[in-house]
Amino acid sequence: MGCFYSRRVENDSPYDMSPIRHLPVIFVNGVPGAGSQTVAETIATMTGYTTVRPGDLLRHEAARDTTRGRLVADRMRAQEEIPDQLTVDLIKESMLQQQDATGFILVGFPRTRRMSSIFNRQVKCPEKIVALEVDDEVAATRLQNKLSELGRPASEVSSARQIVRRAASNVRSVHKRHSGHVVTVNSADNPTTLASTLKEMLSDMIQDKKEPQEDSRREENMPDVTSSPALLTEEQQEREIQPQSIEEPVVT
């Protein structure tokens, strides 16, 4: 199944995304606690792509004294959903600020099918979606530990299982929508196995990264024919060291 909006970009966004639309995009998508940060970092090392973390963007925005920042802060305090369009806007702004990137990895994105539709319509369809498989109980335990480390309220920590269950339904819907682009990995694998699996699944994108670098290295190692001295034959070398007569000027 292809991307529904791969050939259509609607004018429902004030952002001009044309400067980065040619760059590849990978979604790393799973329930909270599935290990999306670790997987994204592994992919970034392999591909050289830039990671964009919507959660960090939202927290940074919440700290700003702006209308949008206060809205995000209020929603986060009340544990309410952030508007999908607002999240996508923050991602677009981050991407446009990093136009020198070779590609983007969106971590823990998208959370909902609608969020996916907005991004596809206003930016582009992802080249790959790395779907993280993990047992819900394992994910819930990881999420509880993370929330505890962050000092979140006990009520939020205790709701980890409910958060994971609700997220799992949304994630499955997103993966079904993009089935033709989805590659699935078990995020519970040890780091070595996980890296090997990702390397195989993303081999086409990793190869795309290597080829320009190899071309660049070949160009750097090629002699500059406009400035390098020409190699002389033995006969020319002998003439070079012999005095030239006035009648036979040196040809340069």
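Before we go on, a word on the source. This is a predicted model, where local features need pLDDT of at least 70 and side-chain atom pairs count only at pLDDT 80 or more, while totals for chains, interfaces and linings use all residues. Residues are numbered from 1 along each chain as its sequence is written, and side-chain values use heavy atoms, without hydrogens and water.

Now the strands. E1, residues 25-29, pairs with E4, residues 128-133, in the parallel sense over 4 bridges. To pair, two strands need at least two DSSP bridges between them. In general, strands of a sheet pair through backbone hydrogen bonds, either parallel or antiparallel.

What is the strand order of the open sheet? The order is E2-E3-E1-E4-E5, 5 strands with parallel pairing. E2 (50-52) and E5 (182-186) are the edges; each has a single partner strand, so one side of each has no neighbour in the sheet. On average, neighbouring strands are turned by 25° against each other, direction ignored.

Next, helices on the sheet. H1, residues 36-47, packs there and touches E1, E2, E3 (104-107) and E4. Contact means heavy atoms within 4.5 Å. The direction of H1 makes about 175° with that of E3. Axes are lines fitted to C-alpha atoms, for helices over the stretch in contact, and angles run from 0 to 180 degrees between N-to-C directions. H9, residues 191-201, lies across E4 and E5, at about 170° to E5.

Now a helix pair. H5 (113-122) and H8 (160-177) pack at about 40°, axes 8 Å apart. That makes H5 oblique to H8: under 35 degrees is roughly parallel, over 145 roughly antiparallel, 65 to 115 roughly perpendicular, and the rest oblique. H5 brings Arg113, Ser116, Ser117 and Asn120; H8 brings Ser173, Val174 and Arg177.

Last, two residues. The cut-offs: buried is under 20% relative accessible area, exposed over 50%, partly exposed in between, with a 1.4 Å probe and protein chains only. The Asn29 side chain reaches the backbone oxygen of Pro110 at 2.7 Å.

Arg59 sits in helix H2, residues 54-62. Arg59 is partly exposed, at 41%. Leaving aside neighbours within four places in sequence, Arg59 contacts Met76 and Arg152.

Technical notes
Helices (H or I, at least four residues) and strands (E, at least two) are DSSP runs, numbered from the N terminus. A polar contact is a pair of N or O atoms within 3.5 Å; within protein, one must be able to donate a hydrogen and the other to accept it, and residues adjacent in sequence count only if both atoms are side-chain atoms.
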